[in-house]
Amino acid sequence: MKSQKLSLCMIVKNEEKWLARCLESVKDVVDEIIIVDTGSNDQTKEIALGMGAMLYDYEWNDHFADARNYGLELASGDWVLWLDADEEVDEAGRDYLRNVLLTNECYLGRVQMVNYYGSTPHDYNRSHLMAQYRLFRNDQHLRFRGAIHEQLNIEGLKITADSVTVLPVIVHHFGYLDETVQDKEKMNRNLRLLEKERRRKGYDPWVDYHLASELYRGGKLADSFENVNLSIRRFIETGKKPPSLLYNLKYTILIGLGSFEGAWPGIDLAIQLYPDYVDLHLYKGIILMRLRQYDKALEAFNQCLRIKEVNISHLTMVGAGSFYAWYYIGYCYQELGDLVRAEEAYRMTLELSPNHLDAQEALRGMGVAEFTTRVQEENKY
């Protein structure tokens, strides 16, 4: 029986900033590296070749899935791992990627993504977690779809517990850090491609969601809200349950707009669809808190602590089931005049997230002598 091989397949363009770190994180656990370049004019190609990749030029046609699928045609491995240049496989678990080669029944491998946001340097407490299929059997029936924000097309597959292997592997994604998100050229390209997709008859409802996401990142909240609602409606019209991501974005927008009356009680309908989604319970608590319904808000935040951040089949914000919930519990108790419980909650916040500035400020504002003295001592150095 021949030994099984694992291929890394990537598409790149002008990724000299990220590519070396990405390849370094995984080159020792894959058997070949297939890189499809869609038009780099920096040092990307030289970096790829210098790290042993097989490099192929591809004439860009405004279609990310086509470029990825071209790379799949060139892969000789029995299994494929796909990554983006701004990602890095965590060293602690990367050897487990090869576990897929030992399976007979499954055809998909799932890993944990850590998607960082905010300023650099990246911080785990400023990230979202989500499980994704990043490995799959090299089979002609498994291909990507979508001109942009392409996805592995698994529709029609009968996915069971035997068809998926869950790997103790973490992939760090840096593409949502402020310095990357604020790339206007990239944002304008994405908007152009998404609008182009939307002109196609019977286009995928995911297109509306991705348009909403791009508009949200660009600060156009009202336009973003219109598009995410359109996506929800179109999923329903096609007989499909709208994915939880859509409700996450919808209520993030409403909170950002300060539309708390508009968000209540609709958030409960979203929770009925996804009762195990901790982020939705956090948003419910924030909405109730802003409506000054502190007792009901406390119920929602305590529910967050019960659910925790364990179900990463949903896009889950780190802190939603821990330090963010504790901070808001402290805020509610402070508004209710229960300063003892407020202090306890703020201290719990800082125990879990020592750099939580709002909790630090709250304790200083309450005149907690021990905390104020400790912070003053720390600030000397």
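**View 1. Two cavities turn up in a search of the whole structure, counting those of 30 Å³ or more.** On a 1 Å grid over the protein atoms alone, a cavity is a set of points where a 1.4 Å probe fits but cannot get out. Grid points are joined across faces, edges and corners, and the volume is the space filled by probe spheres set on them. This is a predicted model, in which local features need pLDDT of at least 70, side-chain atom pairs count only at pLDDT 80 or more, and totals for chains, interfaces and linings use all residues. Residues are numbered from 1 along each chain as its sequence is written, and side-chain values use heavy atoms, with hydrogens and water left out.

**View 2. The largest cavity has a volume of about 60 Å³.** Look for its lining residues (an atom within 4 Å of a point), including Cys-9, Ile-34, Arg-68, Trp-82 and Phe-144. β1 (6-12), β2 (32-37) and α3 (64-74) each supply at least two lining residues, and α3 gives the most, with four. Here helices (H or I, at least four residues) and strands (E, at least two) are DSSP runs, numbered from the N terminus.

**View 3. The second largest cavity has a volume of about 30 Å³.** Among the residues around this cavity are Asp-276, Tyr-277, Lys-308, Glu-309 and His-314.

**View 4. The whole protein has 16 helices and eleven strands.** Its C-alpha trace spans about 70 × 55 × 45 Å along the principal axes. Of the 381 residues, 51% count as buried, meaning under 20% relative accessible area (1.4 Å probe, protein chains only).

How values were computed: On a 1 Å grid over the protein atoms alone, a cavity is a set of points where a 1.4 Å probe fits but cannot get out, and a pocket is an open set with protein on both sides within 12 Å along at least five of seven lines; lining residues have an atom within 4 Å of a point. Buried means under 20% relative accessible area, exposed over 50%, partly exposed in between (1.4 Å probe, protein chains only).
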